[in-house]
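I opened the model to look up a few contacts and local features. My entries follow in the order in which I made them.

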Amino acid sequence: MNDRSLYLAAALIGGAVLPVQVALNTLLRRYVGQPMQVTFISYLAGTLASLAICFFARYPSPSWALLSQTSWWMWVGGCLGTLYVWSTIFATPKIGAALTLALTIAGQMIAALFLDHYGAIGLTRYPASPLRIAGIMFVIIGVSLVAAAKK
């Protein structure tokens with residue numbers, strides 16, 4: 001397997017586990033109550049799993065000298081992840097997992113196109129070609145079909 005195939009597989013697997021995460025978090029909400037409480041539990045479990053992996057893989061601790069050189073906005077990623085997890089827990093019981101994830105994928109694709117096009121937030125620049133825009137239009141059409149089927 002070449003490097004590109006490995007990255008493609010990792011992204012596909014990462015995407016495949018999202019509906020399972022959404023379903024598990026939605027189920028947990030029935031027992032816990034509020035979506036933000038479930039979000040906290042989800043992130044706590046993820047933090048503990050990440051800590052265990054770092055420990056057993058013997059990854060070194062990050063350098064405090066390097067961490068102190070970061071900008072405050074670089075730490076917002078966790079907050080955005082919290083918003084994502086909360087939004088799926090909040091929306092899924094009312095609109096279903098398929099439509100929730102279809103909308104999150106459409107939102108991800110639209111935002112990613114802009115980030116790529118401008119090379120924003122330190123990303124490598126990938127211009128928004130007509131073919132890439134058409135691909136996102138197909139995603140939006142797919143979301144519309146999922147939404148229409150839900151009615």
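**Entry 1**

I began with arginine 132, which counts as partly exposed because its relative accessibility is 33%. For these labels, buried means under 20% relative accessible area, exposed means over 50%, and partly exposed is in between, with a 1.4 Å probe and protein chains only. Before going on I noted that this is a predicted model, in which local features need pLDDT of at least 70 and side-chain atom pairs count only at pLDDT 80 or more, while totals for chains, interfaces and linings use all residues. I also noted that residues are numbered from 1 along each chain as its sequence is written, and that side-chain values use heavy atoms, with hydrogens and water left out.

Which residue does the side chain of arginine 132 meet in a salt bridge? The partner is aspartate 116, at 2.9 Å from N to O. I used the term for a side-chain nitrogen of Lys or Arg within 4 Å of a carboxyl oxygen of Asp or Glu. A search of the whole structure gave 1 salt bridge. The pair links distant parts of the chain, 16 residues apart: arginine 132 is in helix α6 (residues 130–150) and aspartate 116 is in helix α5 (residues 97–118). Helices here are DSSP runs (H or I, at least four residues), as strands are (E, at least two), numbered from the N terminus.

Not counting residues up to four places away in sequence, aspartate 116 touches Leu123, Thr124, Arg125, Tyr126 and Arg132. I took contact to mean heavy atoms within 4.5 Å. I also looked up the C-alpha to C-alpha distance from aspartate 116 to valine 146, and found 27 Å in space for 30 residues in sequence.

Threonine 104 is also placed in helix α5. I put threonine 104 down as buried because its relative accessibility is 16%. Leaving aside neighbours within four places in sequence, threonine 104 is in contact with Tyr84 and Thr88.

**Entry 1: α2 against α4**

I then turned to helix packing. The axes of helix α2 (residues 35–56) and helix α4 (residues 77–95) come within 9 Å and cross at roughly 130°. That angle makes α2 oblique to α4. The axes are lines fitted to C-alpha atoms, for helices over the stretch in contact, and angles run from 0 to 180 degrees between N-to-C directions. Angles under 35 degrees count as roughly parallel, over 145 as roughly antiparallel, 65 to 115 as roughly perpendicular and the rest as oblique.

I logged the crossing of α2 and α4 as right-handed. The label is right-handed if the near helix is turned clockwise from the far one by less than a right angle, and left-handed if anticlockwise.

Which residues of α2 meet α4? From α2 I listed Pro35, Met36, Val38, Thr39, Ser42 and Tyr43, and from α4 Gly78, Gly81, Thr82, Val85, Trp86, Ile89 and Phe90. The residues of this contact divide into 8 nonpolar, 5 polar and no charged. In this count Ala, Val, Leu, Ile, Met, Phe, Trp, Tyr, Cys and Pro are nonpolar, Asp, Glu, Lys and Arg are charged, and the others, Gly among them, are polar.

**Entry 2: α1 against α4**

Helix α1 (residues 3–32) packs with α4 at an angle of about 70°, with the axes 9 Å apart. That makes α1 roughly perpendicular to α4. The contact is made by Leu18, Gln21, Val22, Asn25, Thr26 and Arg29 of α1 and Tyr84, Val85, Thr88, Ile89, Phe90, Thr92 and Pro93 of α4. I sorted these residues into 7 nonpolar, 5 polar and 1 charged. The crossing of α1 past α4 is right-handed.

**Entry 3: loop residues**

I checked backbone angles last. Most residues other than glycine have a negative phi. Arginine 58 has a positive phi, near 60°. It lies in the loop between α2 and α3, and arginine 58 counts as exposed because its relative accessibility is 77%. Isoleucine 121 also has a positive phi, near 55°. Its place is in the loop between α5 and α6, and isoleucine 121 is exposed, with a relative accessible area of 64%.

Tyrosine 59 is in the loop between α2 and α3 (64–67). I noted tyrosine 59 as exposed, at a relative accessible area of 53%. Leaving aside neighbours within four places in sequence, tyrosine 59 is in contact with Ile53 and Cys54.
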